[in-house]
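Reader: I have a structure open and want to talk through it. Can you take my questions one at a time?

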Amino acid sequence: LGVDYEVHGFEAHPIYADRIADRFSDNPNVHIHNRAISDKYETVKLYIERTGHGNSIYPTKVNIDINNYVETKAISFAEWIEDNILDFKESHNILRFNIEGAELPLFKQLVEKNMAKHFDVFLGSIHHDIPKVEELKPYYNYYINLLAENNIKVKPYCFTLDCNVSLTKIVSELYE
């Protein structure tokens, strides 16, 4: 294809991060980081969701077992970009997220640091994770308004059969 690309994936759970890294170990353009997304660099508890999917750094998220967690490192995604992606503003950037409530600090920082405008595509869900976190529920309207006021349009994207979205189709629409 002749496409120059680099992928940085962030997975908070150390075992899942290792599995993903192993899956892409033959591709030098894919980098998997065992880090949670937060609003600062710190060690956090990643609370395990009872079904094993939807782990969160927020202890009040529905279906979380507060007695079952792993400690992991968290990063400020915006600061991580500033420190690690030197050509960020000149690149085509796609942000795919499913971070179980941490969308609020993620987008708040991207807006505050004037970085959101440098993403060509946002993929994820804006409506279902924050309401699942008791401590974030009061900020849901703020979050939705933050996205709207900054013209951040998130295309729905997930890995379930009922959410069949083609990443190839989304990316090809960029170049039409």
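This is a predicted model: local features need pLDDT of at least 70, side-chain atom pairs count only at pLDDT 80 or more; totals for chains, interfaces and linings use all residues.

Reader: Start with the layout. How many helices and strands does the protein chain have?

Author: There are 5 helices and 8 strands in the protein chain. Read from the N terminus, the order of elements is β-α-β-β-β-β-α-β-α-β-α-β-α.

Reader: And how much of the chain counts as buried?

Author: The chain has 176 residues, and 37% of them count as buried.

Reader: On to charges. How many salt bridges does the structure hold?

Author: The structure holds 5 salt bridges. As background, side chains of opposite charge can pair when their charged atoms come close.

Reader: Take Glu 82. Which residue does the side chain of Glu 82 meet in a salt bridge?

Author: Lys 113, with an N to O distance of 3.4 Å. Glu 82 is in helix H2 (residues 77-84), while Lys 113 is in the loop between helix H3 (103-112) and strand E7 (121-124), so this pair ties together parts that lie 31 residues apart in sequence.

Reader: What about Lys 108, which residue does it form a salt bridge with?

Author: Lys 108 pairs with Glu 112, and their closest N and O atoms are 3.9 Å apart. The cut-off for a salt bridge is within 4 Å. Both residues lie in helix H3, 4 residues apart, which is about one turn of the helix.

Reader: Now the surface. Which residues form the negative patch?

Author: The negative surface patch is made of Asp 4, Glu 6, Asp 87 and Glu 90. Asp 4 sits in the segment before strand E1 (7-10). At 77% relative accessibility, Asp 4 counts as exposed.

Reader: And which residues form the nonpolar patch on the surface?

Author: Val 3, Tyr 5 and Val 7 form that nonpolar patch, and together they have about 260 Å² of accessible area. Val 3 lies in the segment before E1, and its relative accessibility of 56% makes it exposed.

Reader: Switching to His 13. Where is it found, and is it buried or exposed?

Author: His 13 is in the loop between E1 and helix H1 (14-23). His 13 is buried, with a relative accessible area of 9%.

Reader: How far apart are His 13 and Arg 35?

Author: In sequence, His 13 and Arg 35 are 22 residues apart; in space, the distance is 7.7 Å from C-alpha to C-alpha.

Reader: Ser 38 next. Where is it, and what does its side chain contact?

Author: Ser 38 is in strand E3 (residues 36-38). A polar contact of 3.3 Å joins its side chain to that of Asp 39. Ser 38 is buried, with a relative accessible area of 6%.

Reader: Last topic, backbone angles. What is the phi of Glu 100?

Author: Glu 100 has a positive phi of about 50 degrees, although it is not a glycine. Glu 100 lies in the loop between strand E6 (94-96) and H3. With a relative accessible area of 7%, Glu 100 is buried.

Reader: And what about Asn 151, what is its phi?

Author: The phi of Asn 151 is near 55 degrees, again a positive value in a residue other than glycine. Asn 151 is in the loop between helix H4 (140-149) and strand E8 (154-156).

Reader: Is Asn 151 buried or exposed?

Author: Asn 151 is exposed, with a relative accessible area of 56%.

Notes
Residues are numbered from 1 along each chain as its sequence is written. Side-chain values use heavy atoms; hydrogens and water are left out. Patches are made of residues with over 30% relative accessible area and no salt bridge: like charges are joined within 9 Å, nonpolar side chains (Val, Leu, Ile, Met, Phe, Trp, Tyr) within 5 Å. Accessible areas come from the Shrake-Rupley method with a 1.4 Å probe; for residues, only the protein chains shown count as cover. Lys and Arg count as positive and Asp and Glu as negative; His and the chain ends are not counted. The place of a charge is taken as NZ of Lys, CZ of Arg, CG of Asp or CD of Glu. Helices (H or I, at least four residues) and strands (E, at least two) are DSSP runs, numbered from the N terminus. Buried means under 20% relative accessible area, exposed over 50%, partly exposed in between (1.4 Å probe, protein chains only). A polar contact is a pair of N or O atoms within 3.5 Å; within protein, one must be able to donate a hydrogen and the other to accept it, and residues adjacent in sequence count only if both atoms are side-chain atoms.
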